[in-house]
Amino acid sequence: MSSFRAIQIARNGGLVQSSLVEMEEQALMPGDVTVKVDYSTVNYKDALALTGTSPIAQVFPLVGGIDLAGTVESSEHPDYQPGDAVLINGWELSQTHHGGYAQRARVQGNWLVKTPAAFTARQAMAIGTAGYTAMLCVLALEHAGIAPEHGHVLVTGANGGVGSVAIALLHKLGYHVLASTGRMEDEAHLKALGAAELIDRKTLSAPGKPLGPPRWAAAVDTVGSHTLANVLAHTGYRGAVAACGLAQGADLPASVLPFILRNVTLAGIDSVNAPHALRQRAWDRLATDLDPGLLEQMTTEIGLADVLELAPRLLQGQVRGRTVVDVN
Ligand code: NDP
């Protein structure tokens, strides 16, 4: 295949525009592994990059897509051989290096993870950065000593990609999961994923008191801003909150009271530059702790060209769960 299809992010004047293009093999960037891509996915960060809402792409033109899964075609890296099933989450993809919205990718072998035998390429991308980040959040809560017997766990942005996978994981691990959402009409869907109770996100998104009655032992927060401040204010003694997102905002208008009076831990989560050993641990745990039936229930499949239409809708909070992209 000397030419292939890709979604390219370009900058014309000050305006970022994304489009479906035909690319030549020689336009691939330097790397020691070439991958035949089977699937990619659409995360919040992808939508930011494709629409130019945030300056994610730093060189132009650039193939979008922060995730990919496929098969090694050729390799000069000692850990990878042709035929290996591999995936990438994050690193430089869609920032300074061509990403997963293409039928071919040439990448650094150090960015790759071997796709766990439990998952097909499609399932690996149904998980994608969002699902792997949900697992990083669960690992952070466990690291802080949280266990199901300590009390309820709250997940904010419940209908989003990170939120949906977090609910499924925490439910399978035995937690009583509270799901905060702006889409209360999706109660049946969220309960099918494993939520025990729903909380209307409006009750968390306005400015609140610096400390309030304990309502949960731990939380996975994908929303930030006033929501995260309120989540912290209602976390119980020696509780923990894993903060990974900014769907409401990047600010944190909170006080130190939950930390100094309740010994609450605020754990930051970064998926993009997470060390390889932690990624491997997260993927190993996903293989055992994520119910494949629930993963399928939260997943929608689209083609490469459909990504362009989906991105602005995702930023408006109109997309539910996870979306996989069949790049072929
Ligand atoms: P999605 O768009 O799939 O989900 C975000 C969800 O947040 C929405 O579905 C909605 O859920 C809720 N939401 C949207 N807007 C608002 C708002 N104004 N106020 C409160 N809630 C809102 O995104 P992802 O799940 O892919 O990502 C979630 C967040 O996590 C993003 O901010 C993303 O940037 C971040 N992220 C960070 C990573 C890291 O490495 N730190 C990695 C992956 C994601 P509902 O309708 O249920 O309310």
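Biologist: Why are the side chains of Asp-186 and Arg-320 said to meet in a salt bridge?

Modeller: The term requires a side-chain nitrogen of Lys or Arg within 4 Å of a carboxyl oxygen of Asp or Glu. For Asp-186 and Arg-320 the N to O distance is 3.4 Å, so the pair counts as a salt bridge. This is a predicted model, in which local features need pLDDT of at least 70 and side-chain atom pairs pLDDT 80 or more, while totals for chains, interfaces and linings use all residues. Residues are numbered from 1 along each chain as its sequence is written, and side-chain values use heavy atoms, with hydrogens and water left out.

Biologist: Which domains is the protein divided into?

Modeller: Domain 1 covers 3-115 + 298-326, and domain 2 covers 129-268; the bounds come from an automatic or database domain assignment. Their centres, taken over C-alpha atoms, are 29 Å apart. Domain 1 gives 13 residues to the contact and domain 2 gives 16, where contact means heavy atoms within 4.5 Å. Across this interface the rule finds one salt bridge.

Biologist: What area do domain 1 and domain 2 bury between them?

Modeller: About 1100 Å², with 54% of it on carbon and sulfur atoms. Buried area is the accessible area (1.4 Å probe) that two parts lose on being put together, summed over both. On the domain 1 side, Asn-89, Met-298 and Arg-320 lose the most area, together 52% of what that side buries.

Biologist: What makes Phe-119 and Trp-283 an edge-to-face pair?

Modeller: Rings of Phe, Tyr and Trp (its six-membered ring) pair if their centres lie within 6.5 Å; planes under 30 degrees apart are stacked, over 60 edge-to-face, and the rest tilted. Here the centres are 6.1 Å apart and the planes make 75°, so the pair is edge-to-face. Phe-119 lies in the loop between β8 (113-114) and α2 (121-143), and Trp-283 in helix α8 (residues 276-289), 164 residues apart.

Biologist: Why does Phe-119 count as buried?

Modeller: Buried means under 20% relative accessible area, exposed over 50%, and partly exposed in between (1.4 Å probe, protein chains only). Phe-119 has 9% relative accessibility, so it counts as buried. Trp-283, at 0%, is buried as well.

Biologist: Why is helix α6 called largely enclosed?

Modeller: Because eight of the nine residues of α6 (residues 225-233) are buried. Among them are Ser-225, Leu-228 and Val-231. The elements that cover the buried residues include β9 (153-156), β12 (216-221) and α7 (257-262). Helices (H or I, at least four residues) and strands (E, at least two) are DSSP runs, numbered from the N terminus.
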